[in-house]
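Here is my note for someone opening this entry for the first time. Have a look around before reading on.

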Amino acid sequence: MTTDTTDHFPLKIAIGDQFRNRTAEKSLLNRNIELVRHTVLLAPRRYGKSSLVYKVAAENKAPFAVVDLFLAHDDQAVTKRILQGVSNLVSQITPMTTKALNSVQKYFTNFKIRVEAHGFQITLAHESGVANPADQIVDALENLSELAASQKQKIILFIDEFQDVIQVPSAKSIEGAIRHVAQSTQFLVFIFSGSTRNLLLELFDDSKKPLYKLCDKIMIDRISADHYLPYLQKAAKKRWGNIISDDIILRILTITELHPFYINMLCNELWKNNQAPTINFVSTAWQKCYEQEERWTVSEIEKLTNNQQELLKSLALQPTSEPTSQQFIALTGLSTASVRLALNALIEKDMAHQIKKEDPLLPFLKSGEYRVLDPLIAYALRRYA
């Protein structure tokens, strides 16, 4: 065993060498930044969307700010968080001098600018208490775009959990404000993401919505098994001084079904130990992961209707490419119509998915097959069956 203090398997943002692969997605996102083409990232929860954006922004070296709209359920909260993102970007492209601050004030004529003592943070506060949120947002984003243009500096604004904007009273106006700026700017790049894909797609695919067809879509899928093999072997050598058998790695990838979050969770459990894992210990560690997350898995399952639970349990026991076949219908105990309705609902909720591409190293993941999306929930359902 060697001393290894590296966190190879983070459960938060993957930075530096923690980030793996995503070569094609990085290339597409870098190209869009270069061309000032706005992007919406689409993937289930815990697939590494934020890690991808952080990685590309770091490599691109452009000023970069994050606006997280999680639990921003009213106009004021959305406005405040967008203004914080604008403030962050202004701080990055403006030197902390009196002359520069006076120059910034000329762009943001309807806002107050102040320097905070704890880090020369520029904050923007609209002077008018009666201005509506959309006006504030369009004003701030236009001023930011003009400031970036004056310096010929591309800047990136990443708006995460963007689907939450749907819930606020002025949603359509705020979406229109963003579109107004996004379709004319030459230096401000928008990247959107969120954890509820169907709501996010509704914002950009519905012809009645202001953001209709504004962005390029980048779909993020699971990373293929052959990309994990060298990374895991390298991490094993650093931890235990030697590589581990490919059979053990394939067991890890099989149990987790290539889900990036669960690969990290399971490997983190395995890499805690002083001894390299055996095949049997991989299964033991997965059981431990389940015990840690059991309350969460039960909670997620209980959010579903009875029909959805029955169908998801059947998919955990017997993934299928023919969910309305006589054999599978018999397994579910539901009618054909109920299966169709429940399956559509489960896909919308990111509880079930259809395999789009087979992996040569994991042939049990068959193209066209419907499966439970979350492997830990599938494991729980098989235990309860």
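The points below go from the whole chain to some details.

1. Ground rules. This is a predicted model, where local features need pLDDT of at least 70, side-chain atom pairs count only at pLDDT 80 or more, and totals for chains, interfaces and linings use all residues. Residues are numbered from 1 along each chain as its sequence is written, and side-chain values use heavy atoms, with hydrogens and water left out.

2. The whole chain. You're looking at 15 helices and nine strands; helices (H or I, at least four residues) and strands (E, at least two) are DSSP runs, numbered from the N terminus. The C-alpha trace spans about 65 × 55 × 35 Å along its principal axes. Of the 385 residues, 51% count as buried, where buried is under 20% relative accessible area, exposed is over 50%, and partly exposed is in between (1.4 Å probe, protein chains only). Take contacts (heavy atoms within 4.5 Å) between residues at least 6 apart in sequence: 72% of them join residues at least 24 apart.

3. A helix pair. Helix α5 (residues 133-150) packs on helix α6 (residues 171-182) at an angle of about 20 degrees, with axes 8 Å apart. Axes here are lines fitted to C-alpha atoms, for helices over the stretch in contact, and angles run from 0 to 180 degrees between N-to-C directions. The two helices are therefore roughly parallel to each other, the word for angles under 35 degrees.

4. Who touches whom. From α5 come P133, A134, I137, V138, L141 and E142, and they meet S173, I174, A177, I178, H180 and V181 of α6. The residues of this contact divide into nine nonpolar, two polar and one charged; Ala, Val, Leu, Ile, Met, Phe, Trp, Tyr, Cys and Pro count as nonpolar, Asp, Glu, Lys and Arg as charged, and the others, Gly among them, as polar.

5. E161, in the loop between β5 (155-160) and α6, has a phi near 50 degrees, a positive value in a residue other than glycine. K213 isn't a glycine either, yet its phi is positive, about 60 degrees; K213 lies in the loop between α7 (197-205) and β7 (216-219). Buried or exposed? E161 counts as buried at 13% relative accessibility, whereas K213 is exposed at 52%.

Methods. Angles under 35 degrees count as roughly parallel, over 145 as roughly antiparallel, 65 to 115 as roughly perpendicular and the rest as oblique.
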